[in-house]
Amino acid sequence: VAMAAVGGGYMSDFDTFPLKPVSEWPNLADHFTVHDYSTVPCLVSGTASEWQKMVDELLESLTFHPKDKLWTDMYNLKHIEETNPFFFDKTRDVF
């Protein structure tokens, strides 16, 4: 929600450290992107409208798992990918 409110951009896990300066990062794509989708979604990006669509999708995904005691962003994204494989882009370009 916060990322949509501030106009979109990049968001990372607290333990993800960029190895390149921000000036070398790629421009935001028109589609929500999970960078380095191989394991944990440690870096994600999108425009404000893409972030809002992802918030809505994440909340809907939660309704399918009301009894799960542990439901993280990683599990949520995997569920979204299974139900709608083209909802977001997946790359392996953590920079």
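**Sheet.** I began with strand 1 and strand 3, which run antiparallel and are joined by five bridges. I took strands (E, at least two residues) and helices (H or I, at least four) as DSSP runs, numbered from the N terminus. I counted two strands as paired if DSSP finds at least two bridges between them. Ser 12 stands opposite Leu 43 in strand 3.

The model is predicted: local features need pLDDT of at least 70 and side-chain atom pairs pLDDT 80 or more, while totals for chains, interfaces and linings use all residues. Residues are numbered from 1 along each chain as its sequence is written, and side-chain values use heavy atoms, with hydrogens and water left out.

I next looked up strand 2 (residues 33-35), which pairs with strand 3 (residues 43-47) in the antiparallel sense over three bridges. Thr 33 has Ser 45 of strand 3 as its bridge partner. I read the whole sheet as open, with four strands in the order 1-3-2-4 and mixed pairing. Strand 1 (8-12) and strand 4 (89-90) are the edge strands, each pairing on one side only.

I then checked burial, where buried means under 20% relative accessible area, exposed over 50% and partly exposed in between (1.4 Å probe, protein chains only). Strand 3 is largely enclosed by the rest of the structure, because four of its five residues are buried.

**Helices.** I found helix 2 lying across strand 1 and strand 3, at about 115° to strand 3. Axes are lines fitted to C-alpha atoms, for helices over the stretch in contact, and angles run from 0 to 180 degrees between N-to-C directions.

The axes of helix 2 (residues 48-62) and helix 3 (residues 73-83) come within 10 Å and cross at roughly 95°. I therefore noted helix 2 as roughly perpendicular to helix 3 (65 to 115 degrees). Met 54, Glu 57, Leu 58, Ser 61 and Leu 62 of helix 2 make the contact with Asn 76, Leu 77, His 79 and Ile 80 of helix 3; contact means heavy atoms within 4.5 Å.

I listed the largest nonpolar core at twelve residues, among them Phe 32, Val 44, Trp 51, Met 54 and Leu 77. Such a core is a set of buried Ala, Val, Leu, Ile, Met, Phe, Trp, Tyr and Cys residues joined through side-chain atoms within 4.5 Å. Helix 1 (2-5), helix 2 and helix 3 each give two or more residues to this core.

Is Glu 50 buried or exposed? Glu 50 counts as buried, at 6% relative accessibility. Glu 50 lies in helix 2 and, not counting residues up to four places away in sequence, touches Asp 30, His 31 and Phe 32.

Technical notes:
Angles under 35 degrees count as roughly parallel, over 145 as roughly antiparallel, 65 to 115 as roughly perpendicular and the rest as oblique.
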